[in-house]
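Hi everyone, thanks for coming along.

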Amino acid sequence: MTHQIDELIRRIKELQEELEVEFRQKREEFQFVIEKKRIRFAEEVARQQRRLKTGLFRYLIEARPLNILTAPVIYAGFIPFMALDLFLFIYQTICFPVYGIPKVKRADYLVFDREDLPYLNIIEKFNCFYCSYGNGLAAYAREISARTEQYWCPIKHARRIKAAHDRYPRFFEFGDAESFSKGLERLRQELEKEGEQGEERC
């Protein structure tokens, strides 16, 4: 059974890599390069994109009134986002070295590159910044939680859970006490090895 699961995980990873190749080829159609974390489009492409930009005044005039009225509620999310961001920094800094868990690199999850899109006005760019921060922070928190779970409680749930994190398939089956007691230290060591490999790449 374990071999079948390992094989399925391997095939899923291969498909993910194929998908990334397809995404890369699609991105190449838009002729941009990344220079020092900034996106630069070919001049002709950028010119065409600027022609599709909605002016700020027109954007506000055409906006639905309810969208404008609910905007303060949406943007209030910055407060809990920043509190969570600070907590995650403190949590990783204090706890992960004690457990031997490699720290999650924040920059891998929080990516802010949409401001380089020529067809977005300033409000659209701000909205994109907000969404990048919220979703990036959620993914960052998820990976920190996943590593914590792998260290302390790598056991699958009895019920199927939706959108499990990437580490979940390696966890022990619900009720398999023998595998848990024998394999917990192995999963913890896998975390430590990840950290060592990450340091070697740096």
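Let me start with a definition: buried means under 20% relative accessible area, exposed means over 50%, and partly exposed is in between, using a 1.4 Å probe and protein chains only. Now the ground rules. This is a predicted model, where local features need pLDDT of at least 70, side-chain atom pairs count only at pLDDT 80 or more, and totals for chains, interfaces and linings use all residues. Residues are numbered from 1 along each chain as its sequence is written, and side-chain values use heavy atoms, with hydrogens and water left out.

One more convention: helices (H or I, at least four residues) and strands (E, at least two) are DSSP runs, numbered from the N terminus.

Let's go to helix α2, residues 43-51. Which residues are buried there? They are Val45, Ala46 and Gln49. These residues sit on the same side of α2, because they span an arc of only 95 degrees around the axis, taking the arc from the directions between the helix axis and the C-beta atoms. The buried residues of α2 pack against β2 (38-41), with contact meaning heavy atoms within 4.5 Å.

Now, the charges. A salt bridge here is a side-chain nitrogen of Lys or Arg within 4 Å of a carboxyl oxygen of Asp or Glu. How many salt bridges does a search of the whole structure find? The search gives eleven.

One of them joins Arg106 and Asp85, with the closest N and O atoms 2.6 Å apart. This pair links distant parts of the chain, 21 residues apart: Arg106 is in the loop between α5 (78-99) and α6 (122-152), while Asp85 is in helix α5. Asp85 counts as buried because its relative accessibility is 10%, whereas Arg106, at 36%, counts as partly exposed.

Next, Glu190 and Arg170 form a salt bridge, and their closest N and O atoms are 3.6 Å apart. Glu190 lies in helix α7 (residues 177-201) and Arg170 in the loop between α6 and α7, so this pair ties together parts 20 residues apart in sequence. Glu190 is partly exposed at 25% relative accessibility, and Arg170 is partly exposed at 33%.

Glu190 also meets Arg186 in a salt bridge, 3.1 Å from N to O. Both residues lie in helix α7, four residues apart, or about one turn of the helix. Arg186 has 42% relative accessibility, so it counts as partly exposed. Finally, salt bridges that share partners join Glu143, Arg147, Arg167 and Glu194 into one network.
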